[in-house]
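Dear colleague,

I am handing over the structure below, and after it you will find notes on what came out of the analysis. Please read them alongside the coordinates.

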Amino acid sequence: MSLPVYLYGHPVLRRISKTVEPSYKGLKELVEKMFDTMYESEGVGLAAPQIGLNDRIVVIDADPVAESFPECAGRKFTLINPEIEILEGAPTSHAEGCLSLPGLSENVNRVEHIRLRWVDADFQPHEEEISGFLARIVQHECDHLEGKLYIDHISPIRKQLIRAKLRNIVAGKIRCDYPVRYAPKQK
Ligand code: NI
């Protein structure tokens, strides 16, 4: 069962998410629903704020982009309470999109190499060094847990250029192929 994706302008996307405790009720069912939602909307990652929950949960399946980015082949993650350590390397720029910002894509600078620590849905700890586009996806999704969106990383000029598109998303004046939830109407 998939869930509606909360769109840009909704305050839930701007809050800092809470640490998930082992006592969290229904975590595995929620993770399944997040994967369903991600696949239905043809995304390669989804963070809990995007389904309206400020909890530190991310799902990723990067395999669909493996043709362009071989490091993504077969890489599927359930990240609970993920932590990123930036490793050395100059940032690179590449286009990103986000299910909460339909119809938009902008180049974003991100570091190429990270060390990622997380627990899975059974609260087993993991640690891995990740590079390339996979590291980009992880950084994008973990940003959501801090209330950040990729457009926060673009220049003021680029932001100005997409202002009308952003306004349309907030106003609900867009077409989207997957179920969405718009920002509450401003009074
Ligand atoms: Ni996103």
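Glu 106 is buried, with a relative accessible area of 6%, where buried means under 20%, exposed means over 50% and partly exposed lies in between, computed with a 1.4 Å probe on protein chains only. This is a predicted model, in which local features need pLDDT of at least 70 and side-chain atom pairs count only at pLDDT 80 or more, while totals for chains, interfaces and linings use all residues. Residues are numbered from 1 along each chain as its sequence is written, and side-chain values use heavy atoms, with hydrogens and water left out.

Glu 106 forms a salt bridge with Arg 158, and the closest N and O atoms of the two are 2.8 Å apart; a salt bridge here is a side-chain nitrogen of Lys or Arg within 4 Å of a carboxyl oxygen of Asp or Glu. The pair links distant parts of the chain, since Glu 106 is in strand E6 (residues 106–110) and Arg 158 in helix H3 (residues 156–161), 52 residues apart. Helices (H or I, at least four residues) and strands (E, at least two) are DSSP runs numbered from the N terminus.

The structure holds 15 salt bridges, and a network of them links Glu 85, Arg 115, Arg 117, Glu 127 and Glu 129. Within this topic, the side chains of Arg 117 and Glu 85 meet in a salt bridge at 3.2 Å, N to O, and that pair links distant parts of the chain, with Arg 117 in strand E7 (residues 113–119) and Glu 85 in strand E4 (residues 76–86), 32 residues apart. Arg 117 is partly exposed, with a relative accessible area of 32%, and Glu 85 also counts as partly exposed, at 29%. Arg 117 forms a salt bridge with Glu 127 as well, the closest N and O atoms being 3.3 Å apart. Because Arg 117 lies in strand E7 and Glu 127 in strand E8 (residues 125–131), this pair ties together parts that are ten residues apart in sequence.

E4 and E7 run antiparallel and are joined by five bridges, and the bridge partner of Glu 85 in E7 is Arg 115. E7 and E8 also run antiparallel, joined by seven bridges, and His 113 stands opposite Ser 131 in E8. E7 and E8 form a hairpin with five residues between them, and Phe 123 in the turn has a positive phi of about 65 degrees. Five of the seven residues of E7 are buried, so the strand is largely enclosed by the rest of the structure.

**The nickel site**

The protein donors of the nickel ion are Cys 98 (SG), His 140 (NE2) and His 144 (NE2), lying 2.1 to 2.2 Å from the ion; donors are N, O and S atoms within 2.8 Å of the metal (3.2 Å for Na, K and Ca), and water is not among the atoms, so sites may look incomplete. Since Cys 98 lies in the loop between strand E5 (92–96) and E6, and His 140 in helix H2 (residues 132–145), the pair ties together parts that are 42 residues apart in sequence. Both Cys 98 and His 140 are buried.

**Aromatic contacts**

A search of the whole structure finds three aromatic pairs, where rings of Phe, Tyr and Trp (its six-membered ring) pair if their centres lie within 6.5 Å, and planes under 30 degrees apart count as stacked, over 60 as edge-to-face and the rest as tilted. One of them, Phe 35 with Tyr 39, is stacked, at 6.0 Å centre to centre and 25 degrees between the planes. Phe 35 is buried, with a relative accessible area of 5%, whereas Tyr 39 counts as partly exposed at 36%. The rings of Phe 77 and Trp 118 have their centres 5.7 Å apart and their planes at 75 degrees, so this pair is edge-to-face. Phe 77 in strand E4 and Trp 118 in strand E7 are 41 residues apart, which links distant parts of the chain.

With best regards

Terms used:
Two strands pair if DSSP finds at least two bridges between them.
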